[in-house]
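Here is a short tour to read alongside the sequence and the model. Take a look at the structure first, and then we will walk through it topic by topic.

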Amino acid sequence: MTLADTLPASRRTRRSLPVPLLLFLASAVLYVGAALYTGQLNQLGASGLVGLAQRMVGLGIVALGQTFVILAGSIDLSVANLISVSAVLASFVMQGDPAMIAPAVLLVLVVSAAVGFVNGGVVAKLGVNPLIATLGVGLILQGLLSASFNNFAGSVPEAFQGLAYGTIGIIPWSVLALLALAIIGALLLRSTRFGAHLYATGGNMDGARLAGIRTDRITILAHVICSLMAGLTGLYLASRLRSGAPWVGRDGVYDLESIAVVVIGGTLLSGGRGGVWGTLAGVLLFATLDAVFNMLGVPAFPKQVMRGAIVILAVAAYAIRNKGPVA
Amino acid sequence: MSVAAAGEPKWNGGMSLFRKINIAVIVFVILYAGIAILQPNYLEPAGITNFLRRATPLAVLACGQIFVLVAGGFDLSMGALVTLTVIGGSMLTDNDPGNTAWAILVLYAIGLGVGLVNGLVVTVLRVPSIIATLGMLLSLNGVAMMWSGGSPRGYLPDNFRFFGRFTFRDVPLVGSFPVAVVVLVVVALAAWWGLQKTVFGKRVFAIGDNPRAAALSGVRVEATRIAAFVISALAAVTGGILLGGFGGVSVDVGSGLELQAIAACVIGGVQLMGGRGSVIGAVAGALTLFALFTLLNLLGLPQPLKDTAQGVILISAVASGAWRRRRAG
């Protein structure tokens, strides 16, 4: 057995595959094809494309955060519940009062960071499998939230709705915010020491530790980033829905879908390889599918079946070249 | 020879495993004592068998899930398959008791198909099982909704509900004995024998422990993995048939059960990512989880706090296991 055989096979084969570009092209072909096929040419105009971009925002922000934890070799199943917590907290604290916007946003970010810290701490310090750790934290959050609120709580003031509905020209603020967050994420990963350490930790934790990297801190920091992103998604949803309810995160299946788009975007589920542009392209693919299903008038339930199949096939499309063991 | 070699270290781990099982059993006894203090009739034979009856679906699911977990994977599609079983049962029987027999056969065939697809997607398409079974979860939920037209209601025929609902009366010693408990005993014994007494079971442990080593020593890794997913799916169908006997037909009978089954296994000392675990632990874990839910109910806590308690017990179970493994070196 040569050295090459002992390396994960994916690492050698995937390098030649520009996943983000392929996903982008696939999305474009699907979208344009569906618009031409159904004759809805207005979807190809500026407003149609802006609508498509707007569909990406909610899932996009949380998926950027999920990218960080997955790159670190961890995972976060608590994001959907944290999104609900943030949305409810924001609208409950604001109660329609513009003066409370800043305190509410601050509170949401502090709570989110604390949840991320707990997630990361349980994973890194207590040695709990990340799936179980974040699932457990998610259950704890959801239980507390649903025990305290059972419907839309409070409301957000007009000014705060600008986050979801405001535009510069025709481009919504929220789309620009997503783009800005993606650029910041990409810079963090590519150009900072934290980014390099993150890839090292996810790629080979023992090796990284032996090389002097504080892998515990990296894992915790990745979880804090992920939870902050989930908090931002919660704020965005509260702004869009004008109020928060304890089921907004779960209804959006943000936990599973954010993981799915990260993996579809070419980030290795075991960590250490991938990036934010792949994730964003995965989000684009999901948003495109939604838009295409709408154009074709596919009913809700078959849509769900096809979505499940597409998640599997999209991952299979490149996973099939992987020669290593898969469980 | 190769299989025995792969299985050998497991017996050294066996002793620490034994201690872990005891923990789940001890926690269960403490929780059950709490239940009995609040509601003394839980100590009567009828109370005990009724508790077991209601815990049976979860325990059966845990008995299936453990095969996939020990093999190193996850089966997130179980809950959706439970829902599909209940809804499919109602659509297939169409309120006619005469349809029950073949309906159950068809449901098991569906389960077999789902397990095979899960296994093939993981082994042939090489999709990690957490994603593969998640996709299956989404698809099965969609299929169940399509089949039922979105808002199923009513009840299954009485003979379909026999397994979940019927109780033998005037049984010596215990007085009454639910059919579901018979199912639980049969399923648990079958799972214990299959996972811990057969060569197949040793192969499941081997591929979960170290798939490459297992493959090099001649285990057919992919066939074993597919079989584990099939067993899990068949357990889910069994759990669905039991749950169909409990209450009415609805679209959320199975939701969240896959996580509860995984939680039950984990509480019982099954190691995620494979290689370690026991059926007794999984069943004890399921009983523990169910006792916890019952206790919270009796304490009159709001229903959602059930989730919170489940989260706390999950993290503490795994954290204590990890801590003891570290201490043991």
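Let's begin with helix H12 of chain A, residues 215–241: its 27 residues reach 39 Å from first C-alpha to last, close to the 39 Å expected at 1.5 Å a residue. That expectation is 1.5 Å times one less than the number of residues, and helices here are DSSP runs of H or I with at least four residues, strands runs of E with at least two, numbered from the N terminus. Please keep in mind that this is a predicted model, in which local features need pLDDT of at least 70 and side-chain atom pairs count only at pLDDT 80 or more, while totals for chains, interfaces and linings use all residues. Residues are numbered from 1 along each chain as its sequence is written, and chains are lettered from A, with ligands numbered from 1, in the order in which they are written.

- H12(A) is mostly covered, with 23 of its 27 residues buried (20 or more other C-beta atoms within 10 Å of a residue's own; 12 or fewer is exposed, in between is partly exposed, and C-beta atoms are placed from the backbone).
- H15(A) is largely enclosed by the rest of the structure, because 16 of its 21 residues are buried.
- H15(A) is followed by A:Gly297, again with a positive phi, near 70°.

**A:Leu89 and its surroundings**

- A:Leu89 sits in helix H5 of chain A, residues 79–94.
- A:Leu89 counts as buried because it has 25 C-beta neighbours inside 10 Å.
- Leaving out residues up to four places away in sequence, A:Leu89 touches A:Leu107, A:Val108 and A:Val111 (a contact means C-beta atoms, placed from the backbone, within 7 Å).
- A:Leu89 and A:Arg242 are 153 residues apart along the chain, and their C-alpha atoms are separated by 13 Å.

**Annotated spans**

- An unreviewed UniProt entry annotates "transmembrane region" in chain A over several spans, including 21–40 and 275–293; such annotations may be inferred rather than shown by experiment, and their positions follow the numbering used here, with feature names shortened.
- Residues 21–40 of chain A are 90% helix and 0% strand, with end C-alpha atoms 25 Å apart.
- Residues 275–293 of chain A are 95% helix and 0% strand, with 28 Å between the end C-alpha atoms.

**Where the chains meet**

- 39 residues of chain A are in contact with 43 residues of chain B.
- On the chain A side, the elements giving two or more residues are helices H7 (130–148), H14 (254–264) and H16 (300–319).
- H7(A) supplies the largest share of that side, 13 residues.

**Chain B as a whole**

- Chain B has 13 helices and 2 strands, and 56% of its 329 residues count as buried.
- Its radius of gyration of 20 Å agrees with the value near 20 Å for a compact globule of 329 residues (taken over C-alpha atoms; the rule is 2.2 Å times the number of residues to the power 0.38).
- The C-alpha atoms of chain B fill a box of roughly 55 × 45 × 40 Å along the principal axes.
- B:Ile66 touches B:Ala191, B:Leu195, B:Cys265, B:Val270, B:Gly277, B:Val279 and B:Ala282, not counting residues up to four places away in sequence.

Terms used
Two residues are in contact if their C-beta atoms, placed from the backbone, lie within 7 Å.
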